[in-house]
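Subject: Structure for you to look over

Dear colleague,

I am passing on the structure below, together with notes on what came out of going through it. Please read them with the coordinates open beside you.

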Amino acid sequence: MLYIKCPFCGYRSQKEFAYGGDGTVKRPELNQNISDEKWNEFLYLRKSPRGKHIELWHHVAGCRQWFKVQRNTVTHEIFQTTKMNEEIK
Amino acid sequence: MSQSHRISNEGLLNRNKEISFKFNGKKYTGYEGDTLASALLANGVHLVSRSFKYHRPRGFFGAGVDEPNAKLQILLNGHSEPNVNATEFELVEGIEATSQNCWPSVNFDVGAINNFLNKFFPAGFYYKTFMWPKSFWYKIYEPFIRKTAGFGVASIEKDRERYEHKYEYCDLLVAGSGPAGLSSAYAAAKNGAKVILAEDKPRFGGSLLTDEVTIDNLSGKAWTDKIITELKEMPNVIVKNRSQVFGYYDHNMTVMFERTGDHIKDKPKYTPRQRLWYIRAKEVLLSTGSIERPIIFGNNDTPGILLSAAAKEYIKVYGVLVGKKPLIFTNNDSAYETALEFKKQGIDPIILDTREEHSSELIDSVKNQNIKIRFSYAIIAANGYKKVQSALIGKLNKDKTKFENSETIQCDCICVSGFWTPMVHLASQSGNKLKFDDQIDAFVPYKSKQNETSVGASQGTFTLKDTLDDGFKTGFDLSKKITNNNNSTSPPNVNEIKKNPHDKFWCSPLPKDKNFKRFVDFQNDVAVSDIEIALREGYRSIEHVKRYTTLGMATDQGRTSNLNGLQLVANVEKKIVPQVGHTTFRPPFTPITIGTIVGREVNMEYMPTRKTPMHSWHKKNNAVFVDAGAWKRPRYYKQGNENLFEASKREAKNVREHVGICDVTSLGKIDIKGPDVAEFLNRVYTNSWSKLPIGKAKYGVMLREDGIVMDDGTTTRISENHYHMTTTTAQAANVLSHLEYYLQVVWPELKVNVLSTTEQWAGAALAGPKSRDVLAKLFPDLDVSNEALPFMGYTEGNLFGVKARIFRISFSGELAYEINVESDYGLFMWKKMIEIGKEFNINPYGTEALSTLRIEMGHVAGPELDGRTIPYDVSLEGLVSKKKDFIGKRSLQKEAFNNSDRQKIVGLVPVDRKTNIPEGSHLVLDKNAKLPNPKLGHVSSSCWSFENNNPFSLAIVKNGKNMIGKKLFAVSPLRDSAIEVEVISSHYVDHEGKRVRS
């Protein structure tokens, strides 16, 4: 069970969080013409990298904030967690 | 013959308390402090079980977690538990233990015929024999194998015991309280770290309880007691015995079980039987020690043969002699200590040492005691069936591949020692890459992945001085890292006897013309010959050899067999052990009860129960409840002998004719505030929200990005920047997370805040033609006319001093209102409504009637919004804005969503106007068509239409738009039904929606 540092609440057990997918995916802007390929890519295609991965987590049983986590998908080592408006360095 | 093998001058037992128990129906006595194993051995009982495959007689082999044989069925306080390890189970008054895997008894076991047919049961026997015919597998082979193999019998009774879970955080977790654990826990605690010290056994001290050593002029036991007493007094230390760390997971999360109740007769009511600890430790120190490994020889599984350290532990801790004519068989010095303990009891053992004649301090002291030692000797095979009687021994040749002679010597037990195997299970579970240490012929922890350190025997240090020095240093270093304190403790002075290196001898050669079974893995009956067969048949990977032969796969996880197995494979393959590698260590380290894993999450505590403020009234009025997620909702209110169908019909009828009241507290409610709410709602819902005036509600549909309908509900504008959203009961949590995601991640520039208020408001729906009359009486000061409070209107009122929100919204399709008050006033509101509505024939209705009402009206709900439907499918395409963009809009352009024969919601009535159409039925054109019969759609919701007095269903059917008037069959092979149905509009009642606006 992972031990995740919520940028607002500090270290909490994984039980309090929900995984929120790839944190680098950007939703296309509203009111734009988007090709089928582009939309398909946004909607369905995700990389499954071995190693460092930036992902979103949601502190559902806590402050209810979404935030970014940089994690090693092999070792589960967490390098950094940041608020949504901060960059992972 | 009471406790014939008990001695009086040794042991850590309470001899004032005698305990009686039963084994296989016979009564025995032991003392408080005994394990079931030590008590049986004290009574001279060695034969405890029959082996897994050959049903060979088996006896105790170890004295703790190393035990492969003594798994017993235990009956205590009417609770029966299988596969209990007798060497770990503490004796309690009145228990009844029975042997497993034997019939009719352990003394005479019919299954033992397998032993004489063992030529027919080689490795892979089951794979080879039960392959064909395939159809025999389920009905004949599998039940047969299940019956003959296997261990104890699981109880079919409900487990009435209490189990608990506990969460703990600490700086340093120390697993094991032997010299390594005690010293490091002590040094770390003295340096201010928060320490948890866990000991699997009831007694602290590990090897200090059995080894002849002095630490600061104290015996091992006395030093242990001193350290433990001091640790227990420190506020930063938790000291736990009967507690085993059995799993090591990511981010230094470890799990430990504590046996809190099994050793207590008549334990207090709320004392749990076992407790599961989740411990998150900054650092973990593994001082799990080592286990003696056997030397393999012929018939080495005969009862009376056991590990030499176990024999010593039985003497030193339990005051029990495992035999009175012991033969000690060793390749190293430590068995000599066992010999000395026997000698102290006036018994003369014979030692066979595979090494050539040599001397060491220990060997010399044994010689001085006139104990007979035979160097370069090994056991060829043991004789005896249910108990060892004698041993065939022989002198080894120079390279130890052959015996030069042989002779038989009498003995009643054989104590065997093949050196020590560090317990690296937890280290390996943590991700530590092990390496093979040539000096000790075993794997040791090498490269840590997490914050763990092994100290002492668990990493191959076998002298007390080095272990204590390491322990004090490591405990200090780790604690300094965490606390930054600098209070170091110096290690004590130690006196111990120096030992000579061991001999790399682990398996006696088989003399020509002999075919003694030489067992590697006792619990799974894997012999040397089985591994040889596996290799001969081409299995190379150790993981494959393991699975083919089942070596090390039993509940003891091969604690005594793995390394010997690896050595054997390496020898045949002409490799060295590190090239063979080792199999994976997985949690749990020892078997744990399912109850411990489940904890308190049983029955009512399985998940939280959510009750509305009106719950007590519902209960008093014979409500039959239904689970809606965690909520309890009244399904119907039972009157007399009514069944569900009759009650819901009556309740629905009352709504259509008079007025009904329904508890809608469980609907999700989300408070939304901020200047950008309208824009946000525009993006979240498919329809437009720009022009919603204050005091008005609107129905909205929200989609997922893939175009599928996620949820529906109403949102009301309460004031300029304040909105109130409702969601379905089932989707409340998902919708909130969904909104939060878009506000925090996708459009953080929007000034909007969302907050769940589901539990803050109690809600009651007032529905039916008379609902306005009731409302007028509830709020005499308020103008509730159709003009003042029109359909989709909102107002606030004063309900006898309680602030109320009044929404004119309808799910039932009738003239209806939904009234919310703060939760604390929910019951008050409900009672007032019932009281005032009496003259208008008010009656409560449950979810079943509610479903009936909405189905008749063609209102969609969960069964239609099932995660597979787009707005068109459920006839909500009219609410999809063409002008603005919103979540999921781009996906609606998908080709499949725009096919001309796209599925759509329709109504169904049975052609006979009588037969109920089961929900979930498939719709087909021809009920007799050849399989697979093409499916056109499915029945999503069914009810009895009170208005039309016949069954009515909603269905989602291919090309639904053009199906009206057609006849289909609703088939349900599960129920063996095929009902002819007519397709009609999904709006069966009040097509124009006049009533809600009346």
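Strand β40 (residues 761-767) of chain B pairs with strand β43 (residues 816-822) of chain B in the antiparallel sense over 7 bridges, where helices (H or I, at least four residues) and strands (E, at least two) are DSSP runs numbered from the N terminus, and two strands pair if DSSP finds at least two bridges between them. Within this pair, B:Ala765 has B:Glu818 of β43(B) as its bridge partner. This is a predicted model, in which local features need pLDDT of at least 70 and side-chain atom pairs count only at pLDDT 80 or more, while totals for chains, interfaces and linings use all residues. Residues are numbered from 1 along each chain as its sequence is written, and chains are lettered from A and ligands numbered from 1 in the order in which they are written.

Both strands belong to an open sheet of 6 strands in chain B, with the order β41-β42-β43-β40-β34-β44 and mixed pairing. Because β41 (794-799) and β44 (842-844) of chain B stand at its edges with a single partner strand each, one side of each is left without a neighbour in the sheet. Neighbouring strands of this sheet are turned by 25 degrees against each other on average, direction ignored; axes are lines fitted to C-alpha atoms, for helices over the stretch in contact, and angles run from 0 to 180 degrees between N-to-C directions. Helix α18 (residues 644-657) of chain B lies across β34 (659-663), β40 and β44 of chain B, and runs at about 120 degrees to β34(B).

Another open sheet, of 5 strands, has the order β36-β37-β38-β35-β39 in chain B, with antiparallel pairing. Here β36 (696-703) and β39 (753-756) of chain B are the edge strands, each with a single partner, so one side of each has no neighbour in the sheet. The twist from one strand to the next averages 25 degrees. β36(B) and strand β37 (residues 709-719) of chain B pair in the antiparallel sense over 8 bridges, and the bridge partner of B:Val701 in β37(B) is B:Asp712.

Strand β24 (residues 413-417) of chain B is mostly covered, with 5 of its 5 residues buried (a residue is buried if 20 or more other C-beta atoms lie within 10 Å of its own, exposed if 12 or fewer, and partly exposed in between, with C-beta atoms placed from the backbone). B:Cys413, B:Cys415 and B:Ser417 point one way from β24(B), whereas B:Ile414 and B:Val416 point the other way. β24(B) pairs in the parallel sense with strand β17 (residues 305-307) of chain B over 3 bridges, and with β18(B), also parallel, 5 bridges are formed. The bridge partner of B:Leu306 in β24(B) is B:Cys415, and that of B:Leu327 is B:Ile414.

B:Ile414 is also among the residues that touch the most other members of the largest nonpolar core, which has 155 residues (such a core is a set of buried Ala, Val, Leu, Ile, Met, Phe, Trp, Tyr and Cys residues joined through C-beta atoms within 7 Å). A second, separate core of 54 residues includes B:Ile670, B:Phe680, B:Tyr685 and B:Val981.

Helix α7 (residues 308-316) of chain B packs with helix α8 (residues 334-344) of chain B at an angle of about 35 degrees, their axes 9 Å apart. The residues of this contact divide into 4 nonpolar, 3 polar and 4 charged (Ala, Val, Leu, Ile, Met, Phe, Trp, Tyr, Cys and Pro count as nonpolar, Asp, Glu, Lys and Arg as charged, and the others, Gly among them, as polar). In the loop between α7 and β18 (326-330) of chain B sits B:Val317, which counts as buried because it has 24 C-beta neighbours inside 10 Å. B:Val317 and B:Leu12 are 305 residues apart in sequence but 5.1 Å apart in space, C-alpha to C-alpha.

As for chain A, there are 1 helix and 6 strands, in the pattern β-β-β-α-β-β-β along the sequence. Of its 89 residues, 12% count as buried. The contact between the chains takes 19 residues from chain A and 19 residues from chain B, two residues being in contact if their C-beta atoms, placed from the backbone, lie within 7 Å. On the side of chain A that touches chain B, α1 (36-44) and β4 (52-58) of chain A are the elements that give two or more residues.

With best regards
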